[in-house]
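Morning, everyone. Please look at the screen, and I'll walk you through one model.

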Amino acid sequence: MSTARDIRPRQDDLSTLATSPSASFNSPSSHSSALNRTVPVNAKHLKPFATEDIKVLLLENVNETGREILSQQGYQVEFLKSSLPEDQLIEKIRDVHVIGIRSKTKLTARVLKEAKNLIVIGCFCIGTNQVDLQYAADQGIAVFNSPFSNSRSVAELVIGEMVVLARQLGDRSNEMHNGTWNKVSNGCWEIRGKTLGIIGYGHIGAQLSVLAEAMGMSVIYFDVLNIMSLGTARQVESLEQLLGQADFVTCHVPEIAETKGMIGQKQFEQMKKGSYLINASRGTVVDIPALIDAMRSGKVAGAALDVYPNEPAGNGDYFDSSLNSWGADLRSLKNLILTPHIGGSTEEAQKAIGVEVAQALVRYANEGSTQGAVNLPEVTLRSLTMDEPNHARVIYIHKNIPGVLRKVNEIIGDHNVDKQMTDSRGDVAYLMADISNVDTATIRDLYTRLESLPSRIMTRILY
Ligand SMILES: NC(=O)C1=CN([C@@H]2O[C@H](COP(=O)(O)OP(=O)(O)OC[C@H]3O[C@@H](n4cnc5c(N)ncnc54)[C@H](O)[C@@H]3O)[C@@H](O)[C@H]2O)C=CC1
Ligand SMILES: O=C(O)C(=O)COP(=O)(O)O
């Protein structure tokens, strides 16, 4: 991967431009314009790309592997261990170009509206439900995640939880901690020969399928897509069929409108008596009061929850009934494993995620590559190098409406366009072009003309 050095201007350019700003790194006013307000381009952006200008805010204890990669680029990196309440987040996000979060921080339209300088969001996790992806795309803010670096960790956790639930290990351990010897076999089982029902056969569900078969389980799964079975696993046609056959039911779907409350009272009624439920996906997927009823009635013999509709902001915060009205009821249940959203929390996963997402952020900030972005079209050009000193990379994020390319090419077409690529995704299109033999006055002119097009969402010129 290339580094910022590749596209940093030569030192003599920098010194000239420091006194006579002549080109733009990106258009911080873009969000304002999308909101029909006119904010002049901030003077501090009227200078060439210098990595020291990039401000990064990392929340939620992003792994040091990621922190290091970003710091090594020369970016200004601020690191916080927990997430922030919305008002504090809004204050901080106003200033930054790059933000790194995990599953807790909600980047809603209300928050992003204030993020005038933001160009990219890194979700150092799998889920991206915490970000308003469409709003971000409409503002030209790219979003990256780590699609599978913690899948194995979640799958292993679920295997462990099945054994723990089937043997009531949590309760036995608690009893021993309280000084009680209680040797029982009643209601304790092997998992060998039992049926595991996986809801959502994606990265995690598929890993789990293979591991569960190795433990001697039969695997069935339900997914909205037709997915090839691994091993001897079998796809069933409906959730109801899965619930009626499975001894263990485990959820591995994303949080989307269709999955909210997908396991509720009706679904608990469809489950086998004495079966188990595991949820390490998102807290809104399972209706907790319905789970409490199903456990109290004996329909569900045990459950493991790793995720909750409301989760505390950071370590040490109290997980109590003020957060979730059913908190106390939940804590009183037997054979219920409660974990603080640790499905992906292993050294292996966090290190890998740190590297993967930080590299994506660097590639985007330094080179404009959207490869792997979850909300913008994927566009990439081979790296700029110092062998091409008078090159500039034009990045033009624009509304996907007819006639834009003609107008853009009228602007850049007078120059030697070495390479160019464009793609669209929904209402937003992304164009990247490398131009050679340009001086800083030309770059400034290009920038001004691109910015004046009504189709423009965000313009960046890297040189
Ligand atoms: N507890 C934790 O720490 C972690 C939780 N997660 C959660 O697990 C979720 C799943 O992760 P992956 O397996 O990597 O995602 P994935 O995207 O690879 O797989 C999700 C699967 O769910 C299916 N699906 C979507 N809607 C469905 C529906 N209504 N009914 C049935 N199937 C449906 C999709 O077709 C897909 O096959 C993530 O979105 C995230 O929210 C992920 C990592 C760690
Ligand atoms: O990867 C995910 O989607 C997770 O849920 C893990 O989230 P976390 O990084 O532990 O906040």
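How do the residues of the shell around ligand 2 divide into nonpolar, polar and charged? The shell has 2 nonpolar, 6 polar and 2 charged residues. For these classes, Ala, Val, Leu, Ile, Met, Phe, Trp, Tyr, Cys and Pro are nonpolar, Asp, Glu, Lys and Arg are charged, and the others, Gly among them, are polar. A residue is in the shell if its C-beta atom, placed from the backbone, lies within 6 Å of the molecule. Around ligand 2 those residues include Arg-102, Lys-104, Cys-125, Ile-126 and His-341.

Some ground rules. This is a predicted model, where local features need pLDDT of at least 70, side-chain atom pairs count only at pLDDT 80 or more, and totals for chains, interfaces and linings use all residues. Residues are numbered from 1 along each chain as its sequence is written, while chains are lettered from A and ligands numbered from 1 in the order in which they are written.

Now the whole chain. It has 16 helices and 16 strands. Those are DSSP runs, numbered from the N terminus: helices are H or I with at least four residues, strands are E with at least two. Of the 463 residues, 44% are buried. Buried means 20 or more other C-beta atoms within 10 Å of the residue's own; exposed means 12 or fewer, and partly exposed is in between.

Next, ligand 1. It is surrounded by 30 residues. Gly-200, Gly-202, Ile-204, Pro-254 and Gly-343 are the closest. By class, that shell has 12 nonpolar, 13 polar and 5 charged residues. Helix 9 gives the most, with 3.

Those two helices also pack together. Their axes are 8 Å apart, at an angle of about 45 degrees. Axes here are lines fitted to C-alpha atoms over the stretch in contact, and angles run from 0 to 180 degrees between N-to-C directions. So helix 7 is oblique to helix 9. Oblique is what remains after roughly parallel (under 35 degrees), roughly antiparallel (over 145) and roughly perpendicular (65 to 115). Among the contact residues are Val-158 and Ile-159 of helix 7, and Leu-208 and Leu-211 of helix 9. Contact means C-beta atoms, placed from the backbone, within 7 Å.

Last, Met-215. It lies in the loop between helix 9 and strand 7 (218–222). Met-215 counts as partly exposed because it has 15 C-beta neighbours inside 10 Å. Beyond its neighbours within four places in sequence, Met-215 contacts Ile-159, Ile-191 and Arg-192.

Definitions and conventions:
Two residues are in contact if their C-beta atoms, placed from the backbone, lie within 7 Å.
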